[in-house]
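User: I have a structure here that I'd like to go through with you. Can we take it piece by piece?

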Number of protein chains: 2
Amino acid sequence: MQPSPATPPSGAPTLQSIAAEFGVSSATVSNALSGKGRVSEALAARIRDRAAALGYAPSSPARALRTGRSGVIGLVLPDLANPLFPRMAQAVEAAASREGYGVLIADSHGEVGAQTAALQRLVARGADGIIVVPRRGTRVLALDVPLAVIDTPATPGNTIASDHRAGGAALARHLLDLGHRALALVGESRESSVQRDRIGGLRAALPDGIRAETIWLEEAPETDFPALARDGITAFAASSDLHALRILTTLQRAGLAVPREVSVAGFDDLVFSAAVTPSLTTMAQDADRIAGGAVAALIARIDGGEAPAEAAAPMTLIARESTGPAPAPTADHPAPRSQREITP
Amino acid sequence: MQPSPATPPSGAPTLQSIAAEFGVSSATVSNALSGKGRVSEALAARIRDRAAALGYAPSSPARALRTGRSGVIGLVLPDLANPLFPRMAQAVEAAASREGYGVLIADSHGEVGAQTAALQRLVARGADGIIVVPRRGTRVLALDVPLAVIDTPATPGNTIASDHRAGGAALARHLLDLGHRALALVGESRESSVQRDRIGGLRAALPDGIRAETIWLEEAPETDFPALARDGITAFAASSDLHALRILTTLQRAGLAVPREVSVAGFDDLVFSAAVTPSLTTMAQDADRIAGGAVAALIARIDGGEAPAEAAAPMTLIARESTGPAPAPTADHPAPRSQREITP
DNA sequence: GAGGGTTGGTTAATCGTTTAACCTCGTCCG
DNA sequence: CGGACGAGGTTAAACGATTAACCAACCCTC
């Protein structure tokens, strides 16, 4: 009984329709394709060929119903419009599909309530596990579904994240090395643990005697950056390239030369960062590594094992044109004395 | 027989477990919850209460298997890292979840092969339909699954899109109204039908006698924008805010005042466009409308009907600081004579 | 030449929901 | 009082894949 050319009665081929062509049972076809049961190699080969020719794909609902696994993971993001997250989404999608998983997205639109709602929707849709990038310092409620959280190493419940603190420190060192002794550290909101870590890392790496002004834009939205520069600040380090860009263009507009007179640096190496003039110096996250780690941890959890916690991924400095040597101190703005200089 | 407090034997509640509590059949519970069959209102109410209390959610694989509908749509994007698409993804997700659908994403990473591969993965995962934002002028292959395409009105097979051509024309008019008579139209690639339409719309709206230089960055990546400005160009219109930003910062760096000496405008109102100084004038897409239209059309197709084709959504001009009146012509750069001025 | 092992399958149950078809009362009407 | 009817359920079959349990040959060995 050879395969009849007859297409399956209607729609997509199923195990049954293929089985009927060969006059065998559907279990045999299943076994042949999965290589699990006992099927003669000859028959198995013919079945595989035929299945391939028909473009057979197992019905995922049927498989999901039987096995209890949907092969889909959920991804909850605070705000897709924020340029940082698409990068993460892209990396997660790539990592997941490499592992044979699909990705169901949910945007919590920045609202805390929507975040939990999104989680539940994803669970209801049958996600095997969920990756959450929590909104500003939100604690993710424990759910009875495997979870992986991308936040900061410091956050309890965090699965994997960039070492934002070390990243901040490295950026601080970069600026110190360039001779800057008066910096402005610009964040948006203290409530974001990521931003707290970045700014905190920057601060902590600055020795005493260095002038450092911390500005939270949420609290001081009208900050006059050019005025700060004229007041002696020679470098701005922002917690995001978006703010760095804002600072950069504002300084440029005010006639200040970047990086000759003032340096500017940010975080995350956003799409535009390389495109602007001067191109932005930035601390980049290794999105692929973070996403890969999150996906791996999540899958491990789905498969029952505990996740091998790899907490902090290093960030890397991308030094571009927007940072340069600190300008020579003028009489107007003497260099602040650092402790290092005082104690020889 | 009242509901026993006993939780269902294991895991999530099912129709059966609830039915058992009430001593009725699972069909009755199904009917009570869906309001379809014949169930006494009293019993139905008790069942609904209990289901709500238990947090019952129907198993989506089971439902999908039975009904042939997964309640999930796929979204294929060319490149999530490109800031234009997340906006669209966000709007699609919002519209879809409003309609009770989940969104499965797939990033084709700009590769044409990956685009078809992504489509097939999504179909295999059981997507009821797919929304595609095709990569630069790629024709989407016909699949046996409902499709909605977001490209340009001109593209065959397109479902819905912004009227990029009219948007270009409107932007051109804005610049003409400001007195500009020498423009540079800057696109990235001719292969993108969206960009062709935008630049084409700009060109077409310019009367004879207006100087207009079209620049495709893919072909002339080293274009010297400040030189163009010094050569008499007073306005740059870019097919994307990303390029507009690049032009803006390059001009600023070169010491040209925007918009006093040169105007710059772009498309899409990307995240950073309002944040830079000067803020960017831009032609914005109505992402919610496009996404909503695409989702509606797709669902209509899924439900068997033909989609009500609403082809072109208008774009809206967001005039900000980066465009202003054309500078008074100097002896060095006399205003080109427009036909309008010649024939009174 | 009977028992044991191996090979190559088949049968049937199961996952949870939906839905058409059927059944069993009680009621009402002619 | 017999039959029709409606209200309120129940039964059972499907959807398609997986998998444990079973079974029929056949081969080999003692």
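User: Start with strand 2 of chain A. How many bridges join it to strand 2 of chain B, and do the two run parallel or antiparallel?
Analyst: Bear in mind that this is a predicted model. There are 3 bridges between strand 2 of chain A and strand 2 (residues 102-107) of chain B, and the two strands run antiparallel.

User: Which residue of chain B stands opposite Ile105(A) there?
Analyst: Val103(B), in strand 2 of chain B.

User: How many residues of the two chains are in contact overall?
Analyst: On the chain A side 41 residues are in contact, and they meet 42 residues of chain B. The elements of chain A that give two or more residues to this side are helix 4 (60-67), helix 5 (84-98), strand 2 (102-107), helix 6 (112-124) and helix 10 (241-253).

User: And how do the residues on that side of chain A divide into nonpolar, polar and charged?
Analyst: The side of chain A that touches chain B has 24 nonpolar, 10 polar and 7 charged residues.

User: Switching to chain B on its own. At what angle do helix 5 and helix 11 of chain B pack?
Analyst: Helix 5 (residues 84-98) and helix 11 (residues 287-302) of chain B pack at about 50°, and their axes are 8 Å apart. An angle of that kind falls between the parallel and perpendicular ranges, so helix 5 of chain B counts as oblique to helix 11 of chain B. The crossing of helix 5 and helix 11 of chain B is right-handed.

User: Which residues meet in that contact?
Analyst: From helix 5 of chain B come Arg87(B), Met88(B), Ala91(B), Val92(B), Ala95(B) and Ala96(B). Helix 11 of chain B supplies Ala287(B), Asp288(B), Ala291(B), Gly292(B), Ala294(B) and Val295(B). By class, the contact of these two helices has 9 nonpolar, 1 polar and 2 charged residues.

User: What about helix 1 and helix 2 of chain B, at what angle do they pack?
Analyst: Helix 1 (residues 15-22) and helix 2 (residues 26-34) of chain B pack at about 105°, with 8 Å between their axes. Angles from 65 to 115 degrees count as roughly perpendicular, so helix 1 of chain B is roughly perpendicular to helix 2 of chain B. Leu15(B), Gln16(B), Ile18(B) and Ala19(B) of helix 1 meet Ser26(B), Thr28(B), Val29(B) and Ser30(B) of helix 2 in chain B. That contact divides into 4 nonpolar, 4 polar and no charged residues.

User: Now the open sheet of 6 strands in chain B. In what order do the strands come?
Analyst: The order is 7-6-8-9-10-12, with mixed pairing. Strand 7 (211-216) and strand 12 (316-318) of chain B are the edge strands, each pairing on one side only. From one strand to the next the twist averages 20°.

User: How does strand 8 of chain B pair with strand 9 of chain B, and how with strand 6 of chain B?
Analyst: Strand 8 (residues 235-238) and strand 9 (residues 263-267) of chain B run parallel and are joined by 3 bridges. Ala235(B) stands opposite Ser263(B) there. Strand 6 and strand 8 of chain B also pair in the parallel sense, over 4 bridges, and Val186(B) stands opposite Ala238(B).

User: Which way do the residues of strand 8 of chain B point, and are they buried or exposed?
Analyst: Ala235(B) and Ala237(B) point one way, Phe236(B) and Ala238(B) the other, and all are buried. In a regular strand, side chains alternate between the two faces of the sheet.

User: Which strands does helix 7 of chain B lie across?
Analyst: Helix 7 (residues 164-177) of chain B lies across strand 6 (182-187), strand 8, strand 9, strand 10 (281-284) and strand 12 of chain B, running at about 165° to strand 9 of chain B.

User: New topic: Asp268(A). Is it buried or exposed?
Analyst: Asp268(A) is buried, because 25 other C-beta atoms lie within 10 Å and 20 or more is the cut-off. Its phi is positive, about 95°, although it is not a glycine. Asp268(A) sits in the loop between strand 9 and strand 10 (281-284) of chain A.

User: Last one. What kind of peptide bond joins Val258(B) and Pro259(B)?
Analyst: A cis bond, with omega about 5°. Pro259(B) lies in the loop between helix 10 (241-253) and strand 9 of chain B. In chain A the bond from Val258(A) to Pro259(A) is cis too, with omega near 10°.

How values were computed:
Residues are numbered from 1 along each chain as its sequence is written. Chains are lettered from A and ligands numbered from 1 in the order in which they are written. This is a predicted model: local features need pLDDT of at least 70, side-chain atom pairs count only at pLDDT 80 or more; totals for chains, interfaces and linings use all residues. Two residues are in contact if their C-beta atoms, placed from the backbone, lie within 7 Å. Ala, Val, Leu, Ile, Met, Phe, Trp, Tyr, Cys and Pro count as nonpolar, Asp, Glu, Lys and Arg as charged, and the others, Gly among them, as polar. Two strands pair if DSSP finds at least two bridges between them. Axes are lines fitted to C-alpha atoms, for helices over the stretch in contact, and angles run from 0 to 180 degrees between N-to-C directions. Angles under 35 degrees count as roughly parallel, over 145 as roughly antiparallel, 65 to 115 as roughly perpendicular and the rest as oblique. A crossing is left-handed if the near helix is turned anticlockwise from the far one by less than a right angle, and right-handed if clockwise. A residue is buried if 20 or more other C-beta atoms lie within 10 Å of its own, exposed if 12 or fewer, and partly exposed in between; C-beta atoms are placed from the backbone.
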